[in-house]
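Trainee: Could we go through this model together? I'd like to begin with the charged side chains and then move on to the strands.

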Amino acid sequence: MADLTELARHHLAAALADEHGRSAELILRDGPMRQSIIALRAGVELAEHNSPAAASVQVLEGRVRVTGQEVSEVDAGRLDALTHHRHAVLALEDSVFLLTTVTSVDSSAGGPERAR
């Protein structure tokens, strides 16, 4: 079982020391689902990239902006479904987030749904 608090602390320290300002690790793989912890120094951006079949971002520390067809800011403690379009992620503060992706799904399943 992963200790997200300890992983966040470790990866944020690594991102702050890294010349590119980032650190990441795949922490869980289950069939088509992947969960990765990603830390970014303030001002660092993950360049625009294609979206997987389904994805969400849960910010553990800091605040990030997800840009693309829609723009959203996600604060610590928040969970947001990612768009199905190309997008980028910018750290507005030193940030750590849990990225959950599903690499293949039934295309008839539709888009993300929020429980609340």
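Trainee: Which side chain does Arg 63 meet in a salt bridge at 2.8 Å?

Mentor: The partner is Glu 73, with the N to O distance at 2.8 Å; a salt bridge here is a side-chain nitrogen of Lys or Arg within 4 Å of a carboxyl oxygen of Asp or Glu. Arg 63 belongs to strand S5 (residues 63-68) and Glu 73 to strand S6 (residues 72-75), so the pair ties together parts that are 10 residues apart in sequence. Helices (H or I, at least four residues) and strands (E, at least two) are DSSP runs, numbered from the N terminus.

Trainee: Before I go on, what should I keep in mind about the source of these values?

Mentor: This is a predicted model, in which local features need pLDDT of at least 70 and side-chain atom pairs count only at pLDDT 80 or more, while totals for chains, interfaces and linings use all residues. Residues are numbered from 1 along each chain as its sequence is written, and side-chain values use heavy atoms, with hydrogens and water left out.

Trainee: How confident is the predictor over the chain?

Mentor: The mean pLDDT, which is the predictor's confidence in each residue from 0 to 100, is 88 for the chain, and 90% of the residues score at least 70. Among the elements, confidence is highest in helix H1 (residues 4-17), at a mean of 97, and lowest in strand S3 (residues 45-49), at 89.

Trainee: What about Arg 65, where does its salt bridge go?

Mentor: Arg 65 forms a salt bridge with Glu 73, the closest N and O atoms being 2.8 Å apart, and Arg 65 counts as partly exposed at 26% relative accessibility. Through shared partners, salt bridges join Arg 63, Arg 65, Glu 73, Asp 75 and Glu 93 into one network. By this rule the count comes to six salt bridges.

Trainee: Glu 93 is in that network, so which side chain has a polar atom 2.6 Å from its backbone oxygen?

Mentor: The side chain of Ser 95 does, at 2.6 Å from the backbone oxygen of Glu 93. Ser 95 is found in strand S9 (residues 95-102) and is buried, at 0% relative accessibility. Beyond its neighbours within four places in sequence, Ser 95 is in contact (heavy atoms within 4.5 Å) with several residues, including Leu 12, Ile 38, Glu 61 and Arg 63.

Trainee: Changing topic, how many helices and strands are there?

Mentor: The chain has one helix and nine strands, and from the N terminus on the elements run α-β-β-β-β-β-β-β-β-β. Of the 116 residues, 32% count as buried, and residues 24 or more positions apart account for 63% of the contacts with a separation of 6 or more.

Trainee: How do S1 and S2 pair?

Mentor: Strand S1 (residues 22-30) and strand S2 (residues 33-40) pair in the antiparallel sense over eight bridges, where two strands pair if DSSP finds at least two bridges between them. Arg 29 stands opposite Arg 34 in S2. The two strands form a hairpin with two residues between them, and Gly 31 in the turn has a positive phi of about 60°.

Trainee: Last one: which strands does S8 pair with?

Mentor: S8 pairs with S3 in the antiparallel sense over three bridges, and five bridges join S5 to S8, which also run antiparallel. His 49 stands opposite His 87 in S8, while Arg 65, from the salt-bridge network, stands opposite Leu 90. Strand S8 (residues 87-91) is mostly covered, with four of its five residues buried.

Terms used
Buried means under 20% relative accessible area, exposed over 50%, partly exposed in between (1.4 Å probe, protein chains only). A polar contact is a pair of N or O atoms within 3.5 Å; within protein, one must be able to donate a hydrogen and the other to accept it, and residues adjacent in sequence count only if both atoms are side-chain atoms.
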